[in-house]
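Here is a short tour of a two-chain model, written to be read alongside the sequence and the 3D view. Please keep both open as you go.

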Amino acid sequence: MTISSEQPVGVSVPEAPEPPQFVDPKPAESGWFSQHIGTAIICGFLGYILGHWLGNVIGSNYANIANSGQNSISAFMALLFMVIGWLLGIGALNYPIAKIFGREAKGEVEFTGWTRYLRYNLDHKVVGIQYVVGVLVFFFTGGLLAMAIRTELLNPTVHVFAADTYIKIVSEHGTIMMMMASSVVVGPLGNYFVPLMIGARRMAFPRIEAFSLWTFVAGYFVIFSALFFGGFPTGWTGYAPLQTQAGPGMISYLFGFAVISVGMMTAGFNLAVTIINYRAPGMTWSRVPVFVWSIIATAALLTLASPVLFAAGTFGILDHTAETAFYVTEHGGSSYLWENLFWFFGHPEVYIMALPGFGIVGEIIPVFCRKPLFAYRIAAAGMIGVALLSFFVWQHHLFQSGIDPDMRPLFMLTTELISIPTGFIFLVGMGTLYKAKIRYEVPMLFCMAVYFNFLIGGVSGVFLSDVPVNVTVHGGFFVLSHFHYTIMGGLIFAFFAGLYFWLPKMTGRKMNKKMGLWHFWTMFIFFNLTFFPMFIIGLLGQPRRVFTYAKNLQTLNDFSSIAAFCLGASFLIFVANLMWSQFISPEKSPSNPWDSLGLEWQTATPIPHYNFERIPVIMTDPYHYSEANAPALADFGKGPPVHAGSTTASSTDPDQ
Amino acid sequence: MGSEENHLRRIVIIWVILSVVLDLVFWFAVGPHVPPGRMTSSAKDNQLDFNILMVIGLPVVIAVWEWLGYAAFKWNVRRKDMPESVGGPSAAGNKRTEVSWIVITSVVVLALAIFGTIELYVGNGSGGGEGPNPIMQPAGANTAETAALAGTGTWSPNSNQVLPVQVIAQQWKFTYRYPTFGGFESSDLILPVNTEIAFNITSLDVIHSFWAYQLEVKADANPMQNNVAFTRTEQLGSFVVRCSELCGIWHGAMFNPGRVVSQSAFMSWASSTETANATNTADLPPFAWTYVPDANGADGGYYPDNVVPYSPTEIYGSKQPS
């Protein structure tokens with residue numbers, strides 16, 4: 001029986017009360033005179049000048065930095081106002097400012113052209129692409145600096161750079177890469193694919209999502225500005241008395257990390273809320289794709305660890321500008337405060353740079369094995385376990401620093417314990433590979449390389465966690481090689497696996513397979529040739545961040561340098577592939593080129609603005625690759641047209 | 001038919017053979033030469049630790065790499081079309097495999113942690129920095145350190161005493177002070193053989209790290225903190241000290257050689273240097289575990305950190321620069 005909703009003839013119905021009327025806000029303007037990246041740059045520049053002048057008014061003759069012609073207050077205020085100007089210029093603050101004055105904010109215009117990528121856009125798919133460009137710029141900047149480092153290390157006595165230039169390059173390389181790596185997967189792929197994978201139409205907080213992107217970009221400018229202030233000599237760890245001693249470039253480092261940590265906090269918070277609250281009906285926790293598990297674990301770390309970095313950076317800025325003594329031992333502070341705050345953030349940060357890689361690999365391997373993910377629950381438990389334990393291991397960075405000696409066995413234990421949940425990831429991968437039908441596509445090769453590389457990174461991590469062995473390897477090239485194996489060999493390889501896997505969905509254009517294979521093999525081989533010798537160099541006694549080294553290590557260093565140049569060149573193949581396949585000679589990709597069962601592949605390509613016409617009802621988990629007649633993943637037809645983050649799309653539904 | 005068994009059996013056989021061969025090769029051919037050698041007790045102990053970790057780690061690495069390689073060559077399809085499904089619904093997990101994986105990794109990891117802790121205690125802190133109040137230390141260290149600070153410490157050949165040596169790091173140089181020999185300062189680190197050395201490491205400015213490579217001693221030099229590390233010299237020879245914590249632009253150039261000499265040679269070197277340096281030593285601030293810059297700033301010298309209340313004139317008298 002159907003119930004007619006038509007009014008029966010002759011029956012008067014009481015008038016429904018008028019719904020409250022909102023004044024339809026004027027849409028934001030488009031065109032040259034609207035807000036876009038150009039206005040952001042202009043406002044950032046003006047903000048810089050204003051802040052610098054204001055800082056000089058306040059702080060000249062009070063906080064002058066020796067031999068720099070600067071004072072630290074103006075250096076800090078210039079950067080602060082630059083970031084505020086940048087955010088104002090891009091339009092990130094329009095909404096909060098309007099709300100503060102009790103007005104309705106201007107509506108968001110849905111730009112369809114390419115110019116939407118230059119604007120403060122609230123669509124998670126646009127933000128995802130913006131992030132891809134952002135992290136690649138970050139990555140290649142840091143990569144060029146790495147080439148400079150390896151050039152200097154070609155010879156122990158002949159120097160290409162002056163000692164201070166070299167240390168600036170090292171510091172800038174480390175900091176830029178760490179900032180990039182903390183967002184390299186969460187930003188582009190997390191923002192783009194989490195809503196698609198959980199069946200949502202948007203992020204929980206689209207404005208905060210866009211805000212996290214534009215603060216991330218601002219952080220790039222801030223940390224890059226250090227080069228114009230004479231750099232900073234502390235490496236990416238910024239240890240304190242040296243930090244207090246350093247010139248105005250240090251402000252860029254401290255404020256850069258503070259800005260980036262705001263971006264990380266907001267991105268993580270937004271992703272966590274989205275994953276918890278915006279899952280489609282039927283998307284229970286046991287059906288959530290493993291990539292989403294990795295992102296929620298990472299989001300928890302981002303949300304909880306970044307504030308510590310923000311606080312640490314703020315204390316440092318106060319030490320430089322307001323003459324406080326948080327890190328000044330002589331005046332009652334402690335250099336250990338920085339070390340502990342930094343690593344209390346820094347170790348969860350290390351897993352921020354590992355977990356998303358595990359997620360990508362877990363997501364891609366079943367597709368190319370035609371097998372379900374082995375031990376799905378163990379994979380999820382491993383990620384959550386790593387995330388939890390990562391807050392209890394930070395003092396292993398300080399084993400030789402003179403901490404309470406009782407702490408050393410304790411942190412040795414917790415650090416070695418964390419290899420248990422990390423090992424789960426290997427169980428999952430090896431179980432999935434068992435008797436699989438592997439198709440060799442580029443993403444699959446990158447995933448297998450992640451296991452190959454991360455294994456070395458993980459096993460060498462056990463060496464580092466053992467306090468007696470740590471005496472040999474701490475602070476040397478061994479640890480340097482270790483974390484390049486985990487971050488670059490793990491996360492960056494996984495990031496490229498993800499790019500090759502998902503770019504056809506993001507842009508609707510295929511990546512060239514032949515060039516992809518060239519990129520993979522050169523990157524994989526030269527990565528290992530670059531970094532494996534560094535284990536030996538480290539064992540033979542070369543400390544990190546040095547520009548002179550023992551003569552007998554020259555052969556190994558040269559070998560590593562030449563491999564590093566080839567590794568750098570391999571990324572040119574990637575850039576060429578990207579340009580060729582996406583812009584010069586684009587080839588249309590089918591909407592599901594890899595025959596994946598994942599929800600993100602079940603929408604049309606290009607993905608419609610609201611992702612799903614109706615919110616899908618999830619019927620099962622997405623890993624039924626081994627069954628000939630796999631049950632349907634989701635019901636796309638009968639789902640309710642609301643919930644799961646739907647906003648205004650119902651009005652555009654053809655059914656209504 | 002039975003192919004599952006065959007795959008696994010083949011993998012296990014290859015793994016056992018490779019593991020045993022590589023472990024034996026490593027243990028006997030490479031192990032004894034693992035840097036930094038066997039010059040001190042901590043170097044010897046930590047080399048053993050490293051080798052044991054390698055012997056456990058190699059089979060793990062081989063297992064995963066072999067599995068990857070086996071899968072890559074045996075379990076692939078070289079076709080364009082979609083391969084038919086494999087495994088059935090049961091491929092999604094296997095309780096026995098999962099449980100045994102967790103149990104085995106946990107046992108290995110816990111065993112390593114326990115082994116590392118025992119080695120740390122037995123090896124008197126393994127040559128790593130233990131902070132101002134070490135709990136893992138050789139017999140007699142406490143007495144020697146207390147006497148050194150009081151200025152009453154002595155050391156003589158064949159006495160089996162602990163020798164306290166102070167390492168003072170600054171940008172960009174290490175200086176060594178020998179409290180048992182009147183507190184003289186030297187740019188050379190000379191040590192007697194077969195002696196327990198107590199390194200007391202501190203810094204005058206930023207954080208450095210004292211890394212006596214062949215001695216297998218590494219400890220951060222923190223301003224206003226004493227960081228103690230122990231080792232026992234066991235072989236004669238020279239070694240290199242490098243800074244292993246970034247300390248500014250000349251960090252890469254902060255290194256100096258050192259020597260382990262016979263006890264009698266050390267005694268004659270120390271006594272003659274003590275006499276030769278006597279006038280310089282008199283100008284130095286009194287021996288203390290830590291020093292801070294005095295009120296006159298960088299060029300005003302340093303005063304001992306533990307003198308409270310601070311009165312430079314009292315300590316230095318007329319030597320205090322105005």
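Strands here are DSSP runs of E with at least two residues, helices are runs of H or I with at least four, and both are numbered from the N terminus. This is a predicted model, in which local features need pLDDT of at least 70 and side-chain atom pairs count only at pLDDT 80 or more, while totals for chains, interfaces and linings use all residues. Residues are numbered from 1 along each chain as its sequence is written, with chains lettered from A and ligands numbered from 1 in the order in which they are written.

Two strands pair if DSSP finds at least two bridges between them.

| Partner of β1(B) | Residues | Direction | Bridges |
|---|---|---|---|
| β2(B) | 173–178 | antiparallel | five bridges |
| β5(B) | 196–203 | parallel | seven bridges |

With two residues between them, β1(B) and β2(B) form a hairpin. On the β5(B) side, Ala169(B) has Ser203(B) as its bridge partner. Strand β1(B) spans residues 163–170, and six of its eight residues are buried. A residue is buried if 20 or more other C-beta atoms, placed from the backbone, lie within 10 Å of its own; it is exposed at 12 or fewer and partly exposed in between.

**Chain B as a whole**

Chain B has seven helices and 12 strands. Of its 322 residues, 38% are buried.

**The largest nonpolar core**

A nonpolar core is a set of buried Ala, Val, Leu, Ile, Met, Phe, Trp, Tyr and Cys residues joined through C-beta atoms within 7 Å. The largest one holds 281 residues, of which Ala379(A), Phe446(A), Ala497(A) and Phe210(B) touch the most other members. Helix α18 of chain A (residues 477–507) gives the most to this core, with 20 residues.

**Confidence in chain A**

The pLDDT is the predictor's confidence in each residue, from 0 to 100. Chain A averages 88, and 91% of the residues score at least 70. Over residues 21–25 of chain A the pLDDT stays under 50.

Key: Contact = placed C-beta atoms within 7 Å.
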